[in-house]
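Please read the points below with the structure open beside you, and look up each residue as it is named.

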Amino acid sequence: MKIALVHGPNLRLLGRREPEVYGTDTLDDVNARVVALAAELGAEVEVFQSNHEGELVDFIDEASGRVDGFLINPGAFTHTSIALRDALVGVERPFVEVHLSNTHGREAFRRHSYLSGVAAGVVFGFGLQSYLLGLRGLVARLGG
Ligand code: CA2
């Protein structure tokens, strides 16, 4: 089983800015923990991060030929991107949407996600654990 872990814009700042909102784990920490849990669950992970919407769309399209599903934190594109939604629907692979913060307890504009309605599941508010919970859900959804 192969899974793509996709990070949207600004997530490279993780652990270096706004620790009160996003915690102290870095993106490398998140990636390492996801890769380690995936190995325990019998899955392989490919990681991709971009600050650019089109690059994320291109990656989803291109990776869809070699992965069974996507674990994605779309960052701020969650709240703006019909293109990402269309890409994820178009490739016909299940995806789980994850967020570090509780997007429903913050500004009103963060409550709406263009992706949640077409996701296999959504996990938010648990920091790094959101990714691990999301990974477990995705692997279960893929029959692992
Ligand atoms: O809570 C999440 O995971 C978010 O997807 C993070 C996005 C935000 O726009 C979403 O509403 C919720 C922001 C990602 C930027 O990451 C940073 C990390 C550390 C410091 C600054 C930004």
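Predicted model: local features only at pLDDT ≥ 70, side-chain atom pairs only at ≥ 80, totals over all residues.

1. Residues are numbered from 1 along each chain as its sequence is written, and side-chain values use heavy atoms, with hydrogens and water left out.

2. Polar atoms facing the ligand. A polar side-chain atom of H79 lies 2.7 Å from an oxygen atom of the ligand.

3. N10 belongs to the loop between strand 1 (2–7) and helix 1 (19–22), where helices (H or I, at least four residues) and strands (E, at least two) are DSSP runs numbered from the N terminus. Most residues other than glycine have a negative phi. Phi of N10, however, is near 75 degrees, a positive value in a residue other than glycine. E18 is found in the loop between strand 1 and helix 1, and its phi is positive too, near 45 degrees. With a relative accessible area of 42%, E18 is partly exposed, given that buried means under 20% relative accessible area, exposed means over 50%, and partly exposed is in between (1.4 Å probe, protein chains only).

4. The aromatic pair. How many aromatic pairs does the rule give? The count comes to one aromatic pair, and because the rings of F48 and F59 have their centres 4.3 Å apart and their planes at 5 degrees, this pair is stacked. The rule takes rings of Phe, Tyr and Trp (its six-membered ring) as a pair if their centres lie within 6.5 Å, and it calls planes under 30 degrees apart stacked, over 60 edge-to-face and the rest tilted. The pair links distant parts of the chain, with F48 in strand 2 (residues 44–49) and F59 in helix 3 (residues 53–63), eleven residues apart. F48 counts as partly exposed at 22% relative accessibility, whereas F59 is buried, with a relative accessible area of 5%.

5. S81 and its contacts. In the loop between strand 3 (69–73) and helix 4 (82–90) lies S81, which counts as buried at 0% relative accessibility. Its side chain makes a polar contact of 2.5 Å with the side chain of E53, and the side chain of S81 also reaches the backbone nitrogen of L84 at 2.9 Å. A polar contact is a pair of N or O atoms within 3.5 Å; within protein, one must be able to donate a hydrogen and the other to accept it, and residues adjacent in sequence count only if both atoms are side-chain atoms.

6. Is N31, at 13% relative accessibility, buried or exposed? N31 counts as buried, and its place is in helix 2 (residues 27–41). The side chains of N31 and H7 are joined by a polar contact of 2.7 Å.

7. L115 is in the loop between strand 4 (95–99) and strand 5 (121–124) and, at 0% relative accessibility, counts as buried. L115 and V89 are 26 residues apart in sequence and 9.2 Å apart in space, C-alpha to C-alpha. E46, in strand 2, is also buried, with a relative accessible area of 17%; its C-alpha atom is separated by 21 Å from that of L115, 69 residues apart along the chain. V122, in strand 5, counts as partly exposed at 34% relative accessibility, and 8.2 Å separates the C-alpha atoms of V122 and H99, which are 23 residues apart along the chain.
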